[in-house]
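Hello,

Here is the structure for you to look through. My notes follow below it.

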Amino acid sequence: MTFVDEVKNAVTPRAALLVIGVLGLQLLFIASYVGALHKPKPTDVAFGVVAPQQMSQQLVSQLDGLPGGPLDPRAVSSAAEAREQIMNRDIDGALIVSPEGRTDTLLVASGGGTVLSSALERILTQVEAGQQRTVRTVDVAPASPDDFDGLSSFYLVVGWCVGGYLCASILAISAGTKPSNRQRALIRTAVMAVYAVAGGIGGAIIIGPILGALPGSVWGLAGLGALVVFSVGMTTLALEALTGIVGIGLAVLIIVIAGNPSAGGAFPLPMLPDFWRAIGPALPPGAGTWVARSIAYFRGNAVTGPLLVLSAWAVAGTALTLLLSMRRRGGLDDGSAEVTSSPSPSGGSTAV
């Protein structure tokens, strides 16, 4: 056998195509992570301004015209309203101008990302210095001391996502990526649901009572975890049912390559480039990270939209998995026995 023949036997055409696909995923991984995270800067950060009426609009215009457009300022009626909007996650910070003294107050929420809070403090300190004023910072939703840079919620959701697509991949590899019938698809869906509940509860207990890394309702986080795991797992099963083993790579593309760097974990969404900021809230890692931070630091506010996103992925993945399991394959109904003939001991044929 020649060397060329050995190569052909060692690397089949199908394997070669899969290797090329893996190379593509590798390059996309590098491009996505470096593209999203190599140069973070705040852009159009939702920001409130509380100031006397005669100077409010002037200050809003001044902040809106800062080089690079870091802020998207809007007038807010009172300090109490500014605090409420921050807790509702409508804005990321606010400046409260003192009508009498020369020291103003900057409200931030490091629970939504300490990097963004630090960036706001730096920007407003420079602006105030230009007006011969000073600023003091008040953190209205502080990150836990055991939650470095507010990253625990992101890593928690990443762990849930990894568990979801790995479980789905194992279910597929062990007995074929495409369910042969509806019964098998239902069984895989049920296994995925049980796994999701266990993964959600386990993750919430580890990050809360055991490590103390994240405050907030343990059961709220557990429910979120179950939804994240199930949505990612069922999406992976659906992609596998649709494309075979390639579906595992597609799941990695959506969840890991596109989803993780756009999730607002390492850097909150207002600090990401436009493309990643746009796709992040629509993907499971971004939606999950937002809800986890809301549960931990923002009284569970502003979670309806992200929960609907996760639910949509779960429902679409489940529906597609079940629908694809009912397709006629090879001219036979799924689950039906194939009829062939084999010689019988008497010389006739026997149906199998």
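Of the 352 residues of the chain, 46% count as buried. Buried means under 20% relative accessible area, exposed over 50%, and partly exposed in between, with a 1.4 Å probe and protein chains only.

A word on the source. This is a predicted model: local features need pLDDT of at least 70, side-chain atom pairs count only at pLDDT 80 or more, and totals for chains, interfaces and linings use all residues. Residues are numbered from 1 along each chain as its sequence is written, and side-chain values use heavy atoms, without hydrogens and water.

Next, the fold. The chain has twelve helices and seven strands. These are DSSP runs, numbered from the N terminus: helices are H or I with at least four residues, strands E with at least two. The radius of gyration is 26 Å, well over the 20 Å that the globule rule gives for 352 residues, so the chain is more spread out than a compact globule. That radius is taken over C-alpha atoms, and the rule is 2.2 Å times the number of residues to the power 0.38. The C-alpha trace spans about 110 × 50 × 35 Å along its principal axes.

Now confidence. pLDDT is the predictor's confidence in each residue, from 0 to 100. The chain averages 89, and 91% of the residues score at least 70. Over residues 328-352 the pLDDT is below 50. Beyond near neighbours in sequence, this stretch has 29 contacts in the model, a contact being heavy atoms within 4.5 Å.

Best wishes
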